[in-house]
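Visitor: I am new to this structure. Please walk me through how to read it.

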Amino acid sequence: MAPEAARSARLNARPAARGRLVPQAARLAAPFLGALAICSAAPAHAAGGDLAASVHPSFLPDALGARTAFTFAFRLQVAEEGVPPPLRRMVVHLPAGLGVNLDGVPACGVGRLRRSGPRGCPPRSLIGRGHATLEVHAGSQAIPEQALAWALRIPDRGGRPALALFTRGTTPLQQQAISTATLSPDGPPYGLKITVAIPAIRTVVYEPDASITSFSLTLGAVGTTPRAHAAAGAVTVPRRCPAGGFPFAADFSFADYTTSRATARVPCP
Amino acid sequence: MTAGARWVVAVLCAAFLLWAAPAGAEETVSITEAGFSPDKLGVPTNAFGRATITSTAGPVPSPIRHVNVYGPAGVTLDLRGSGVCNKESLERLGTQACPANSRAGFGGGQGIYMIGKELVEEEYTIDFFLADNRPGHVSLLVYLTGSKPVSIEMVFPPAPVIQGPKPYGLGFSVEVPEIKVLPEASNASAKSAFLTLGAHNVAYYRMVHGKRKLFHVKGIILPKSCPRGGWPVASQFSFEDGSTVMAKRTVPCPRR
């Protein structure tokens, strides 16, 4: 990796004013831990018409300054068992001090990813895994679809580290989508933000695009034992915890031009 | 002619026109869009189409009683891996009663009816399920729903897949029952309709010898060739007033 790229790959979620990057030369391998996360935040719902958004961040382990598997999950719901509008953009705000280190993580070209899927990418470009639930309102039915998600490093965009979120659903529709994300500094009380652009997920002619109703992704890992499902990259829990816990937030923008915001706090260890 | 006499003639003319209009009413059906997605020769596809229905008599076309939809010659069906839905269960429990692998398509449109002198428009949706998936016996269940301003749910009689007249191929034939959303309302008519049928990219898990196996349903398969000028498709609508209209359209051949 070029030195410039290596620098841009190391980001620490400190307030932009402080700006110092925390080196974390870790290459960690770990299982997908989302379901086992022991430190979960009390979700907060955001009002946006009848749409309720909630975010559920967690660290495993949650010791200050420790390498961790960071799981970020969200849920979008509307009243009366409806389907939320398709999500187009999401900005996830991470607490100051959270370290995300992509040192030595090779990038996978988006074209290659689109052609061959995650298997066509360098194994160490995989930095996280997760799952999503999608729904489409076709005819009179709300039809759900489960999808698997992979987070991979892709070439930097505008000098900022970039990720691709590759999601693949199998049934009832075999469908895949690639969302792209960039990491950049954020203002207090946050330190880093991840801006995700989500493409339209087509279903069938005349019927709406699919909507994401829930999503969970685990980045980073703990332990060093290589495993088949190892993920590269490292996330570290901030060394200090503000009163009230680590703050998280997410801004959601939908295809119908509505927006919603959800916040949550992970309690201090 | 005196002013009074002119007034009488005008009223008589108006009355005659009002009386004569229904007798001379004519429904017009236009297929505004038709196609296949993807449109590649010999591949599983989704067939889609959209039509509008108008009447010379006014804003409310005569209610539809029967529809035959004809696809191009050479289209085949491969329903291996699909399931079927039971009509009685669909009537009793709604779409929840139908297995996911019995879904055959979706549709909808704009309906219209009169309550007293008031025109009421209502959006409706259609869900298509397979009632029978055996080759040569294939039929569809049509489940119609509307919710605003009046809630309605209705299952049509099974719609068999049929062989259309030349130059058409497979199609299906739908008997449309009287649709009365309220006792005091006129029979509902359709101003527009759209549908998508097929199983492109559709797959379902099934248990085979105790193991979960993914089955790909092919559904509608396009012909391996396309006649010069494109694939002819058509819809034949029969209305409550006894009239029948055949609407035709040509789907351009896929680009090579």
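Guide: Begin with secondary structure. This is a predicted model. Chain B holds two helices and 16 strands. For chain A the tally is two helices and 17 strands.

Visitor: What does chain B span along its principal axes?

Guide: About 90 × 45 × 25 Å, taken on the C-alpha trace.

Visitor: How should I read the confidence values?

Guide: Where pLDDT is low, the predicted coordinates should not be read in detail. Take chain B. Its mean pLDDT is 90, and 90% of its residues reach 70 or more. One stretch to treat with care is residues 8–23 of chain B, where pLDDT stays under 50. The model gives that stretch two contacts beyond four places in sequence.

Visitor: What is the average pLDDT of chain A?

Guide: Chain A averages 81, with 77% of the residues scoring at least 70. Residues 13–48 of chain A stay under 50. Yet the model has 116 contacts for them beyond four places in sequence. Residues 224–229 of chain A are also below 50, with nine contacts beyond near neighbours in sequence.

Visitor: Which scores describe the complex?

Guide: The predictor gives an ipTM of 0.77 and a pTM of 0.80.

Visitor: How many residues are in the largest nonpolar core?

Guide: It has 126 residues. Those with the most contacts inside it are Leu152(A), Leu163(A), Phe129(B), Leu140(B) and Leu141(B). Strand 10 of chain A, residues 141–157, supplies the largest share of this core, seven residues.

Visitor: Which residues does Phe129(B) contact, leaving aside its neighbours within four places in sequence?

Guide: Among them are Leu140(B) and Leu141(B). Others include Cys85(B), Leu90(B), Cys98(B) and Tyr143(B). The list also includes Ser102(B), Arg103(B) and Ala104(B).

Visitor: How do I see whether a chain folds back on itself in sequence terms?

Guide: Look at contacts with a separation of 6 or more. In chain A, residues 24 or more positions apart account for 67% of them. In chain B, they account for 62%.

Visitor: Is Tyr190(A) buried or exposed?

Guide: Buried, because Tyr190(A) has 22 C-beta neighbours inside 10 Å, and the cut-off is 20 or more. Tyr190(A) sits in strand 13 of chain A, residues 190–197. Here is a pair to find on screen. The C-alpha atoms of Tyr190(A) and His93(A) are separated by 6.0 Å, though the two are 97 residues apart along the chain.

Visitor: Why does Asp251(A) count as partly exposed?

Guide: Asp251(A) is partly exposed because it has 18 C-beta neighbours inside 10 Å. That count falls between the cut-offs of 12 or fewer for exposed and 20 or more for buried. Asp251(A) lies in strand 16 of chain A, residues 246–254.

Visitor: What does Asp251(A) contact, leaving aside its neighbours within four places in sequence?

Guide: Asp251(A) is in contact with Met90(A), Val91(A), Thr259(A) and Arg261(A).

Visitor: How far from Asp251(A) is Gln176(A) in space?

Guide: The two are 24 Å apart, C-alpha to C-alpha. In sequence, Asp251(A) and Gln176(A) are 75 residues apart.

Conventions:
Residues are numbered from 1 along each chain as its sequence is written. Chains are lettered from A and ligands numbered from 1 in the order in which they are written. This is a predicted model: local features need pLDDT of at least 70, side-chain atom pairs count only at pLDDT 80 or more; totals for chains, interfaces and linings use all residues. A nonpolar core is a set of buried Ala, Val, Leu, Ile, Met, Phe, Trp, Tyr and Cys residues joined through C-beta atoms within 7 Å. Helices (H or I, at least four residues) and strands (E, at least two) are DSSP runs, numbered from the N terminus. Two residues are in contact if their C-beta atoms, placed from the backbone, lie within 7 Å. pLDDT is the predictor's confidence in each residue, from 0 to 100.
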